[in-house]
Amino acid sequence: MMNIRSWVTSPLVRNFPRLAAPANRKFSVAAALNERFSFQVALRHEARDLASAIKPIVISLAVSAPIGWSVRIRRVGQVPVPHRNTMTPESDLDGWDNYPGYVPDPLFEENALPLSPRETQAFYVTIKPGRNAAPGKHGIKLSLSEESGWKASHAVDVVLHDILI
(Lines give C-alpha, C1' and ligand atoms only; values in the text may rest on other atoms or scores of the structure.)
Protein backbone atom coordinates (compact mmCIF):
# COMPACT_ATOMS: atom_id res chain seq x y z
CA MET A 1 0.00 0.00 0.00
CA MET A 2 1.33 3.43 -0.96
CA ASN A 3 1.58 6.03 1.74
CA ILE A 4 1.12 9.24 -0.25
CA ARG A 5 0.14 12.49 1.42
CA SER A 6 -1.33 15.40 -0.54
CA TRP A 7 -2.34 18.93 0.40
CA VAL A 8 -3.27 22.27 -1.16
CA THR A 9 -1.04 25.22 -0.40
CA SER A 10 -0.33 28.83 -1.27
CA PRO A 11 1.34 29.67 -4.59
CA LEU A 12 3.94 31.58 -2.55
CA VAL A 13 5.28 28.50 -0.74
CA ARG A 14 8.28 26.65 -2.12
CA ASN A 15 7.71 22.91 -1.73
CA PHE A 16 11.26 21.61 -1.45
CA PRO A 17 11.87 17.88 -2.10
CA ARG A 18 12.70 17.29 1.59
CA LEU A 19 9.60 19.11 2.88
CA ALA A 20 7.54 17.03 5.31
CA ALA A 21 3.81 16.90 4.71
CA PRO A 22 1.95 19.36 6.96
CA ALA A 23 -1.42 18.77 8.59
CA ASN A 24 -4.06 18.84 5.89
CA ARG A 25 -6.27 21.95 6.13
CA LYS A 26 -9.05 23.30 3.99
CA PHE A 27 -7.78 25.79 1.41
CA SER A 28 -9.81 28.75 0.20
CA VAL A 29 -9.23 31.70 -2.11
CA ALA A 30 -10.81 35.17 -2.21
CA ALA A 31 -10.63 36.91 -5.59
CA ALA A 32 -12.19 39.65 -7.71
CA LEU A 33 -14.60 38.64 -10.48
CA ASN A 34 -11.98 38.94 -13.21
CA GLU A 35 -8.91 38.05 -11.16
CA ARG A 36 -6.59 35.19 -12.07
CA PHE A 37 -5.46 33.24 -9.00
CA SER A 38 -3.25 30.25 -8.24
CA PHE A 39 -2.52 27.58 -5.67
CA GLN A 40 -0.36 24.48 -5.45
CA VAL A 41 -1.19 20.82 -4.92
CA ALA A 42 1.75 19.17 -3.16
CA LEU A 43 2.43 15.46 -2.69
CA ARG A 44 4.84 13.47 -0.57
CA HIS A 45 5.57 9.76 -0.91
CA GLU A 46 6.14 8.56 2.65
CA ALA A 47 7.74 5.24 1.69
CA ARG A 48 8.46 3.17 4.77
CA ASP A 49 10.05 0.26 2.92
CA LEU A 50 12.48 1.64 0.36
CA ALA A 51 13.15 -1.81 -1.08
CA SER A 52 9.57 -1.99 -2.36
CA ALA A 53 9.57 1.62 -3.60
CA ILE A 54 12.68 1.73 -5.74
CA LYS A 55 11.33 3.85 -8.58
CA PRO A 56 9.16 6.94 -8.87
CA ILE A 57 5.43 6.57 -9.29
CA VAL A 58 3.52 8.84 -11.67
CA ILE A 59 0.74 10.96 -10.16
CA SER A 60 -1.78 12.79 -12.38
CA LEU A 61 -3.92 15.79 -11.47
CA ALA A 62 -7.33 16.69 -12.91
CA VAL A 63 -9.11 19.93 -11.98
CA SER A 64 -12.87 20.56 -12.27
CA ALA A 65 -13.92 24.21 -12.17
CA PRO A 66 -17.23 25.93 -12.94
CA ILE A 67 -18.23 26.05 -16.61
CA GLY A 68 -16.46 28.83 -18.50
CA TRP A 69 -13.53 29.09 -16.10
CA SER A 70 -10.05 28.45 -17.52
CA VAL A 71 -7.74 26.01 -15.76
CA ARG A 72 -3.99 25.70 -16.28
CA ILE A 73 -2.03 22.88 -14.61
CA ARG A 74 1.75 22.92 -14.49
CA ARG A 75 4.27 20.65 -12.81
CA VAL A 76 6.75 22.42 -10.56
CA GLY A 77 10.24 21.42 -11.66
CA GLN A 78 13.42 21.30 -9.60
CA VAL A 79 16.78 22.87 -10.37
CA PRO A 80 20.11 22.09 -8.70
CA VAL A 81 21.47 24.90 -6.54
CA PRO A 82 25.04 24.37 -5.33
CA HIS A 83 24.93 27.11 -2.67
CA ARG A 84 23.01 30.14 -1.48
CA ASN A 85 23.52 33.57 -2.93
CA THR A 86 25.97 35.08 -0.47
CA MET A 87 24.34 38.52 -0.69
CA THR A 88 20.87 37.36 0.42
CA PRO A 89 19.73 39.07 3.63
CA GLU A 90 18.99 36.58 6.41
CA SER A 91 15.35 37.76 6.55
CA ASP A 92 14.86 36.55 2.94
CA LEU A 93 16.31 33.08 3.39
CA ASP A 94 13.99 30.08 3.11
CA GLY A 95 14.54 26.35 2.89
CA TRP A 96 17.75 26.61 4.88
CA ASP A 97 18.18 22.82 5.11
CA ASN A 98 17.73 22.41 1.35
CA TYR A 99 20.95 24.01 0.11
CA PRO A 100 22.90 22.63 -1.59
CA GLY A 101 20.22 20.62 -3.31
CA TYR A 102 17.23 20.82 -5.59
CA VAL A 103 15.00 23.88 -5.45
CA PRO A 104 11.49 24.26 -6.91
CA ASP A 105 11.48 26.81 -9.70
CA PRO A 106 10.50 26.14 -13.34
CA LEU A 107 6.90 25.38 -14.32
CA PHE A 108 6.25 22.75 -16.99
CA GLU A 109 2.98 22.36 -18.93
CA GLU A 110 2.32 18.89 -17.51
CA ASN A 111 -0.49 17.41 -15.43
CA ALA A 112 1.53 14.39 -14.26
CA LEU A 113 4.66 14.17 -12.15
CA PRO A 114 7.13 11.52 -11.02
CA LEU A 115 7.02 11.12 -7.24
CA SER A 116 10.05 9.37 -5.75
CA PRO A 117 10.11 7.75 -2.32
CA ARG A 118 10.56 10.22 0.54
CA GLU A 119 10.24 13.24 -1.74
CA THR A 120 7.80 16.12 -2.09
CA GLN A 121 6.71 17.45 -5.49
CA ALA A 122 3.98 19.87 -6.54
CA PHE A 123 1.59 21.03 -9.23
CA TYR A 124 0.93 24.74 -9.80
CA VAL A 125 -2.70 25.44 -10.72
CA THR A 126 -3.89 28.75 -12.19
CA ILE A 127 -7.59 29.57 -12.48
CA LYS A 128 -9.30 32.42 -14.33
CA PRO A 129 -13.03 32.85 -13.65
CA GLY A 130 -15.22 33.00 -16.74
CA ARG A 131 -16.67 36.22 -18.14
CA ASN A 132 -20.09 35.41 -16.73
CA ALA A 133 -18.90 34.35 -13.28
CA ALA A 134 -21.18 35.58 -10.52
CA PRO A 135 -20.07 36.92 -7.14
CA GLY A 136 -20.27 34.42 -4.30
CA LYS A 137 -18.92 31.04 -3.28
CA HIS A 138 -17.75 28.57 -5.94
CA GLY A 139 -16.06 25.18 -5.72
CA ILE A 140 -13.07 23.65 -7.48
CA LYS A 141 -12.47 19.90 -7.28
CA LEU A 142 -8.99 18.41 -7.46
CA SER A 143 -8.53 14.73 -8.33
CA LEU A 144 -5.18 12.98 -7.95
CA SER A 145 -4.59 9.47 -9.27
CA GLU A 146 -1.92 6.86 -9.90
CA GLU A 147 -2.19 3.95 -12.33
CA SER A 148 -2.20 1.23 -9.64
CA GLY A 149 -5.42 2.67 -8.21
CA TRP A 150 -4.32 5.19 -5.57
CA LYS A 151 -6.61 8.23 -5.56
CA ALA A 152 -7.05 11.37 -3.48
CA SER A 153 -9.21 14.44 -3.80
CA HIS A 154 -9.37 17.96 -2.44
CA ALA A 155 -11.82 20.82 -2.70
CA VAL A 156 -10.89 24.49 -2.93
CA ASP A 157 -13.51 27.07 -1.97
CA VAL A 158 -13.39 30.24 -4.04
CA VAL A 159 -15.20 33.41 -3.01
CA LEU A 160 -15.54 35.87 -5.87
CA HIS A 161 -16.14 39.43 -4.78
CA ASP A 162 -18.27 41.85 -6.76
CA ILE A 163 -15.34 44.00 -7.85
CA LEU A 164 -13.30 44.21 -11.01
CA ILE A 165 -9.60 44.93 -11.17
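Predicted model: local features only at pLDDT ≥ 70, side-chain atom pairs only at ≥ 80, totals over all residues.
User: Okay, then what makes R75 and E110 a polar contact?

Analyst: Their side chains come to 2.6 Å. The cut-off is within 3.5 Å, so the pair qualifies.

User: Where is R75, and what else is it in contact with, leaving aside neighbours within four places in sequence?

Analyst: R75 is in strand β5, which covers residues 70-81. Apart from those neighbours, R75 is in contact with P106, L107, F108, E110, A112, L113, P114, A122 and F123.

User: Why is R75 called buried?

Analyst: The relative accessible area of R75 is 16%. Buried means under 20%, so R75 gets the label.

User: What about Q121: which label does it get, and why?

Analyst: Q121 has 8% relative accessibility; the buried label needs under 20%, so Q121 counts as buried. Q121 belongs to strand β8, residues 120-128.

User: Which side chain makes a polar contact with Q121, and what makes it count?

Analyst: That's Q78, at 3.4 Å from side chain to side chain. The limit is within 3.5 Å, so this pair counts. Q78 also turns up among the contacts of Q121 beyond four places in sequence, along with V41, A42, L43, V76, L113, P114 and L115.

User: Why is R118 called partly exposed?

Analyst: R118 has a relative accessible area of 42%. Under 20% would be buried and over 50% exposed, so 42% falls in between and R118 is partly exposed. R118 sits in the loop between β7 (112-115) and β8.

User: And what is the phi of R118?

Analyst: R118 has a positive phi of about 60°, although it is not a glycine. For background, most residues other than glycine have a negative phi.

User: How many aromatic pairs are there?

Analyst: The count comes to one aromatic pair. The rings are those of F27 and F39, with centres 6.2 Å apart; pairing needs centres within 6.5 Å, so they make it.

User: Why is that pair called tilted?

Analyst: The planes are at 55°. Stacked would be under 30 degrees and edge-to-face over 60, so 55° leaves tilted.

User: Which parts of the chain does the pair tie together?

Analyst: F27 lies in β2 (residues 27-32) and F39 in β3 (residues 37-45), so the pair links parts 12 residues apart in sequence. Both F27 and F39 are buried.

User: Zooming out, how many helices and strands does the chain have?

Analyst: Zero helices and 10 strands. Of the 165 residues, 42% are buried. Among contacts between residues at least 6 apart in sequence, 79% join residues at least 24 apart.

User: And what about positive and negative side chains?

Analyst: The chain has 19 positive and 15 negative ones, and the centres of the two sets lie 5 Å apart.

Methods. Residues numbered from 1 in each chain as written. Heavy atoms only, no water. Helix = DSSP H or I, 4+ residues; strand = E, 2+ residues; numbered from the N terminus. Buried < 20%, exposed > 50% of the residue type's maximum accessible area, 1.4 Å probe, protein only. Polar contact = N/O pair within 3.5 Å; in protein donor to acceptor, adjacent residues only side chain to side chain. Contact = heavy atoms within 4.5 Å. Lys, Arg positive; Asp, Glu negative; His and termini not counted. Charge placed at Lys NZ, Arg CZ, Asp CG, Glu CD. Phe/Tyr/Trp six-rings, centres within 6.5 Å; stacked < 30°, edge-to-face > 60°.
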